[in-house]
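Hi,

Here is the structure I promised to pass on. My notes follow below it.

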Amino acid sequence: MHRGLVTFTVGAVALAFGTGMTTVHASTAIGTDQIYVSTHGSDSNPCTSALPCATLQFAVDNAPAGSLIHVAAGTYNQTVNITEPLTIAGAGAGKTIIDGSNIDTQAMSPAYFGVISVENNVGAGGAINIRGLSVRNAYITTAEYDEDSDPSDVIVYNDANAGDTVSISGVALGAVQNASEFTGIGLDTFNDAASVSFTNSSVTGVFQGALLEGGGIGGHVTVTGVNFNHLAACAATTCGAGETFPAEGLFVLSDQPGTATDTVNNNRFVGYAGFGVAADAGYSGGNCAEPNGPCTGNVNLTANTNTFTLAACADASDGCAAIYLDAAAGNMLSAQLKGDKGTVHSPDFGIFENPDAGVYSVTEVNDHIKVS
């Protein structure tokens, strides 16, 4: 995974098993495609509206593919790993709250990442929908963080099923647990063949609002209508090397062979000092230092009609910008920027192409980002 402009890839993580516990339910198909979960339910119930079940994982594990899982208003101290096409629908962001406090998903069997995880690699492809809920307090142990993992609210992780479409909409992603130690990620997409969309949502209080990481195995990520606001820097005590990294709204990182193709339109980046949209085509450093790296990968980015209102980064050497573009040697970054607008404060840049050794093909049309 990625901290600042030094990246740590979760795919290379050696899992450090902590103190989390796994509850294993017997697999008994519920037998209906309308499933209900409630804070007053029981996993001994048939998961009907009148007799709801209690846990998301029980509902997911026993639901027929294509099911609609209704999650009633309330706070659920739970996590869930989605491994087949289905819909999880809350009562609305702020009403249905999935809280991962003190739940170490990396210590489970099977282990997974994130308060809500999507890993559909075995069964048939299809539509996976997550909507109408809040997610907060992702948790990992210090040992896991030291192994270069990050807490994430929602992650689509290494979904190799090209038939999947993952839609995350109408959600509010909030700060992770122990944010002063592990500042974390709102949405993380890692090396997916599945297509992912993140729409009409908000992200607050994390270091990276959305990390779109991977390469060219087929997945296309679209981020539209998302409000990235009041994000948090990654402190020197946690990011290492005694350096504080500015917050990053949306970060596109191609660190796998091929091309990461992402569309980022009509989003707002407000109320913090740091980067708005940043894109790296390959890089050296972090887990991509020798003998593992440098990592290679191309980026094809479309970023239109985004709005930025960003405070100044404290250190001019951070190169903060509303839109930051970088291509490492041997890699190519293609970007189409149109109608982006707003204000950043000096020493930040409006649009900044890092003078690196890669190949750039950048088109700008009617972008108006002022530096004041």
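Where does P110 sit? P110 is in the loop between strand 8 (96-99) and strand 9 (116-118), with strands taken as DSSP runs of E of at least two residues, and helices as runs of H or I of at least four, numbered from the N terminus. The bond leading from S109 into P110 is cis, with omega near 5°.

Before the rest, a word on the basis: this is a predicted model, where local features need pLDDT of at least 70 and side-chain atom pairs count only at pLDDT 80 or more, while totals for chains, interfaces and linings use all residues. Residues are numbered from 1 along each chain as its sequence is written, and side-chain values use heavy atoms, with hydrogens and water left out.

A cis peptide bond also links S346 to P347, with omega near 15°; P347 belongs to the loop between strand 24 (341-344) and strand 25 (349-353).

Next, strand 15 (residues 208-214): seven of its seven residues are buried (under 20% relative accessible area; exposed is over 50%, partly exposed in between; 1.4 Å probe, protein chains only). Strand 15 runs parallel to strand 13 (residues 185-190), joined by five bridges, and six bridges pair it, again parallel, with strand 17 (residues 247-254). Pairing takes at least two DSSP bridges.

Finally, T263 lies in strand 18 (residues 259-265) and is buried, at 15% relative accessible area. Its side chain makes a polar contact with that of H220 at 3.0 Å (N or O atoms within 3.5 Å, one able to donate a hydrogen and the other to accept it; residues adjacent in sequence count only if both atoms are side-chain atoms).

Best wishes
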